[in-house]
Amino acid sequence: MKLLLTGATGFVGTHMLAALQAGGHDIVCLARQVPARIEGDNIAFMPYTDADGTADWGCVLPGCETVIHLAGRAHVMHEHAPDALAAFRKVNVEQTLALARQAIAHGVRRFIFISSIKVNGEQTQDQPFRSTDLPTPQDAYGVSKHEAEQSLLALAQGKMEIVIVRPPLIYGPGVKANFLQLINTVQRGIPLPLGAIDNQRSLVYVGNLVDLLLTCLSHPQAANRIWLVSDNQDVSTPDLIRLLGEALQMPARLLNVRPAWLTALAKLAGKEAQAEKLLASLQVDISPALQTLGWRPPYSLQQGLAITTHALRR
């Protein structure tokens, strides 16, 4: 199968590219930076410099059966753009639709779009998020992903199959930002005041996400649906820290501090968003993927954490 992969040099993209190459697919990659060295003769890299949504992909789309669209403007904790929603829409909506229109024109059969659980919202209360829930995005990033989803489904009706995948927090070799900071904190043996937190969070190891995307390449029932994905093994913040300690062969040092105090301190420090990821629950229901697609995460949470921390120690 010939495929077009965008965001091929990003965190998820590098893992996706390796899996596609191992599967013997012919892959055309769009990336902002073309690697100096390319392994394998079934991979072709093309530079991606679309600043205004008018790029012509006519040279890479002919013959492609599927587009896997990983590229996008990522969620950032400290947004500096004067109009954050406009900045996210430019990349996540307008450029995505421009690519989708050209994919339809060149006869692409299936378009796989990586969205985000932020389309559902920021935290769960009584039950896990489901793909059929009414979307309640709370920030510009989530709004842009929701708009991209709706626009793709409307654009492609009867012309191209759309597969939408909404992952929660993704971790694995190459992870950065808050998850990497948490690993480094545990590795340094720094005590964390998170022992009294009683929550549940869904995570997804990048290898599990890639495996679901591979399933979505050809599964007939994946088309024109929204899929949630996780390791199918939710975990509290204290237990996640303990598991990271085990993977790092370091004792996890947890202090029991009332969550209300932590929330108050986070507000004073202007770090409510960061605190929410540690204090609140966010669970996703992946039963449709398990039942309809027959998919099972090939890696457990413990295996994913072990691989992630081992890669950091090399």
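**Ground rules.** I worked with a predicted model, where local features need pLDDT of at least 70, side-chain atom pairs count only at pLDDT 80 or more, and totals for chains, interfaces and linings use all residues. Residues are numbered from 1 along each chain as its sequence is written, and side-chain values use heavy atoms, with hydrogens and water left out.

**The sheet.** I took helices (H or I, at least four residues) and strands (E, at least two) as DSSP runs, numbered from the N terminus. Two strands pair if DSSP finds at least two bridges between them. In what order do the strands of the open sheet lie? I read β3-β2-β1-β4-β5-β6-β9, seven strands with parallel pairing. β3 (43-47) and β9 (225-228) are the edges, each with a single partner strand, so one side of each has no neighbour in the sheet. On average, neighbouring strands are turned by 20° against each other, direction ignored.

I then looked at β6 (residues 161-166), which is joined to β9 by four bridges. Val-165 stands opposite Trp-227 in β9.

**Helices on the sheet.** Contact here means heavy atoms within 4.5 Å. Axes are lines fitted to C-alpha atoms, for helices over the stretch in contact, with angles from 0 to 180 degrees between N-to-C directions. I found α2 (residues 84-105) lying across β1 (2-6), β4 (66-69) and β5 (110-114), at about 165° to β5. Helix α5 (residues 206-218) touches β1, β4, β5 and β6, and its direction makes about 160° with that of β5.

**Helix α6.** Is α6 enclosed or open? I counted a residue as buried under 20% relative accessible area, exposed over 50%, and partly exposed in between (1.4 Å probe, protein chains only). Nine of its twelve residues are buried, so α6 is largely enclosed by the rest of the structure. The buried ones include Leu-240, Ile-241 and Leu-244. Among the elements covering them are α4 (177-187) and α10 (301-313). Just after α6, I noted that Gln-249 takes a positive phi of about 55°.

**The cores.** A nonpolar core is a set of buried Ala, Val, Leu, Ile, Met, Phe, Trp, Tyr and Cys residues joined through side-chain atoms within 4.5 Å. Which residues touch the most other members of the largest core? Leu-5 and Ile-68 do, out of 64 residues. Helix α5 gives the largest share of this core, seven residues. I also found a second, separate core of 25 residues, including Val-60 and Ala-148.
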